[in-house]
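Hi everyone, thanks for coming.

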Amino acid sequence: MDIGNLTNTYEDFYKTQSSQSASKLEGQLDTDYSKATDEELMDACKQFEAYFLEQVFKEMVKTVPKSEEASSYTTGLMDYYQDNMIQEIASSSTEQNSLGLAQTLYEQMKRNYGL
């Protein structure tokens, strides 16, 4: 089994997941919410807050020094799982202990769209 090929597969999958996450958010931002229900509007706001937290957490992780001893295979797998973990933490943080950003966006959008 070629481990280098496996690492490349994970890296390609990771890049695809990152671009899909950004594309999903862009799709949400391009949506016309003038006829959206309150639930759809709040869902979009929560998704934005989760994406924002994900980006903050990723930048925080960059400040932690990495070990020089790890192989490229191990580093690739750790990065993949670390990014998945960050996405999950950001989503669960938004659902359980929101920063209030989603609620603020929701209220502003309701005012702007006259809902």
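**Starting from C45**

C45 is buried, with a relative accessible area of 1%; buried means under 20% relative accessible area, exposed over 50% and partly exposed in between, using a 1.4 Å probe and protein chains only. Before I go further, a word on what we are looking at: this is a predicted model, where local features need pLDDT of at least 70, side-chain atom pairs count only at pLDDT 80 or more, and totals for chains, interfaces and linings use all residues. Residues are numbered from 1 along each chain as its sequence is written, and side-chain values use heavy atoms, with hydrogens and water left out.

So where does C45 sit? C45 is found in helix 2. Helices here are DSSP runs of H or I with at least four residues, strands are E runs of at least two, and both are numbered from the N terminus. Leaving aside residues up to four places away in sequence, C45 touches A102, L105, Y106 and M109, where contact means heavy atoms within 4.5 Å. For M109, the C-alpha atom is 9.2 Å from that of C45, although the two residues are 64 apart along the chain.

A44 lies in helix 2 as well, and A44 is buried, with a relative accessible area of 11%. From A44 to L105 is 61 residues in sequence and 9.4 Å in space, C-alpha to C-alpha.

**The core**

Which residues make up the largest nonpolar core? There are 6 residues in all: L41, M42, C45, A102, Y106 and M109. A nonpolar core, by the way, is a set of buried Ala, Val, Leu, Ile, Met, Phe, Trp, Tyr and Cys residues joined through side-chain atoms within 4.5 Å. Helix 2 and helix 4 are the elements that give two or more residues to this core. Within it, take a look at Y106: with residues up to four places away in sequence not counted, Y106 touches D38, L41, M42 and C45.

**Two helix pairs**

Now let's zoom out to the helices themselves. Two packed helices are described by the angle between their axes and the distance between the axes. Axes are lines fitted to C-alpha atoms, for helices over the stretch in contact, and angles run from 0 to 180 degrees between N-to-C directions.

Helix 2, residues 38–62, packs against helix 4, residues 101–113, at an angle of about 135°, and their axes are 8 Å apart. Helix 2 and helix 4 are therefore oblique to each other; angles under 35 degrees count as roughly parallel, over 145 as roughly antiparallel, 65 to 115 as roughly perpendicular, and the rest as oblique. On the helix 2 side the contact includes D38, F48 and F52, and on the helix 4 side it includes L101, Q103 and K110. By type, the residues of this contact of helix 2 with helix 4 are 10 nonpolar, 1 polar and 4 charged. Nonpolar takes in Ala, Val, Leu, Ile, Met, Phe, Trp, Tyr, Cys and Pro, charged takes in Asp, Glu, Lys and Arg, and the others, Gly among them, are polar.

For helix 2 and helix 3, residues 72–96, the axes come within 8 Å and cross at roughly 135°. Helix 2 and helix 3 are therefore oblique to each other. Among the residues making this contact are A50, L53 and F57 of helix 2 and I86, I89 and A90 of helix 3. The contact of helix 2 with helix 3 divides into 7 nonpolar, 5 polar and 6 charged residues.

**The whole chain**

Finally, the overall picture: the protein has 4 helices and 0 strands, in the pattern α-α-α-α along the sequence. Buried residues make up 20% of its 115 residues.
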